[in-house]
Structure formats: structure tokens, C-alpha cells
Amino acid sequence: MRIDHIALYCSDLKKMRQFFEQYFQAQAGAMYHNPTTGFSSYFLTFTEGSTRLEIMTKPGVDRPSDTSGLGYAHLALAAGSRQSVDALTARLAAHGYATLSGPRITGDGYYESCVAGPEGILVEITE
């Protein structure tokens with residue numbers, strides 16, 4: 001077994017696609033749009049690995065304000081090195097994205113930071 005993809009709802013599909021392309025080298029496939037339901041999505045692929053991220057939107061979708069409950073907590077993406085974690089975290093902060101933690105070594109030995117991306121999605125950047 002392997003994880004094929006993870007899906008994430010958002011309200012601004014274009015902004016979310018650009019975020020992952022600009023900062024995480026994602027490649028977006030063609031946009032899918034269902035004119036009957038208003039649902040639209042992109043599948044994003046990354047330079048390493050086979051797991052994809054599907055970003056989706058539809059009329060009326062909204063993100064709950066409480067991110068500490070059950071379900072999705074964060075998306076972790078590996079930058080490749082501690083220096084890359086530091087540089088990407090600084091770049092995101094310079095562009096107005098809030099750094100919620102780190103860069104730091106966690107209690108379980110990860111070197112990471114956590115940034116709030118568009119619409120408050122949590123992205124953990126690991127080495």
C-alpha cells in the first residue's frame with residue numbers, strides 16, 4: 001500500500017495552487033471543473049515521491065476556525081536540509097506568512113518549522 005493523494009479544500013483555488021508552486025516546487029495538472037456542481041480541483045505533484053496533493057474548491061466551502069480538532073492537522077513537506085528549512089521559513093515569513101513554530105529540533109528529533117499558509121492551512125517544513 002501507498003498513499004496516492006491527500007485532498008485539501010480551499011476557497012481560493014488559484015491562490016492555493018500558486019502557493020504550492022512558488023514555495024514547494026509543485027507542478028499542477030490540468031484543472032478539473034464540474035459545471036453541474038461547481039466543484040474544481042488540481043492535482044499537484046512534487047519533485048520527489050509519488051504522493052500527490054489534490055486542492056479542491058466548491059461553492060459554499062469554508063474552513064473551520066478550530067484547527068486542533070479531529071481530522072487534518074497539517075501537511076509536512078521535506079525541504080532536504082536544515083539550511084533549506086531555515087531559508088524557506090525565512091522566505092515565507094518575508095512574504096507575510098506567519099511562522100507558528102521553529103525552525104527547531106522537536107522532542108522527537110525532527111528539524112522543522114510550521115507556517116500558516118493561505119487560508120490558515122498549516123504546512124510543516126522538515127529537513
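Me: Buried means under 20% relative accessible area, exposed over 50%, and partly exposed in between (1.4 Å probe, protein chains only). Is valine 85 buried or exposed?

Reply: The model is predicted: local features need pLDDT of at least 70, side-chain atom pairs count only at pLDDT 80 or more, and totals for chains, interfaces and linings use all residues. Residues are numbered from 1 along each chain as its sequence is written, and side-chain values use heavy atoms, without hydrogens and water. Valine 85 has a relative accessible area of 0%, so valine 85 is buried.

Me: Which helix holds valine 85?

Reply: Helices are DSSP runs of H or I with at least four residues, strands are runs of E with at least two, and both are numbered from the N terminus. Valine 85 itself lies in helix α2.

Me: How far apart in space are valine 85 and leucine 122?

Reply: In sequence, valine 85 and leucine 122 are 37 residues apart. In space, C-alpha to C-alpha, their separation is 15 Å.

Me: At what angle do helices α1 and α2 pack?

Reply: Helix α1 covers residues 13–24 and helix α2 covers residues 82–94, with their axes 11 Å apart. Axes are lines fitted to C-alpha atoms, for helices over the stretch in contact, and angles run from 0 to 180 degrees between N-to-C directions. The helices pack at about 140°.

Me: Which residues of α2 make the contact with α1?

Reply: On the α1 side, the contact is made by Phe19, Gln22, Tyr23 and Phe24. The α2 side supplies Leu88, Arg91 and Leu92.

Me: What kind of aromatic pair do phenylalanine 19 and phenylalanine 20 form?

Reply: Rings of Phe, Tyr and Trp (its six-membered ring) pair if their centres lie within 6.5 Å; planes under 30 degrees apart count as stacked, over 60 as edge-to-face and the rest as tilted. Both phenylalanine 19 and phenylalanine 20 are buried. Their ring centres are 5.2 Å apart and their planes are at 80°, so the pair is edge-to-face.

Me: What is the angle between the ring planes of phenylalanine 19 and tyrosine 23?

Reply: Phenylalanine 19 and tyrosine 23 are four residues apart in helix α1, so about one helical turn separates them. Both are buried. Their aromatic pair is tilted, with 5.5 Å centre to centre and a plane angle of 55°.

Me: Which residues do ring pairs link into a cluster?

Reply: The whole structure has eight aromatic pairs. Ring pairs join a cluster of Phe19, Phe20, Tyr23, Phe24 and Tyr97.

Note on methods:
Contact = heavy atoms within 4.5 Å.
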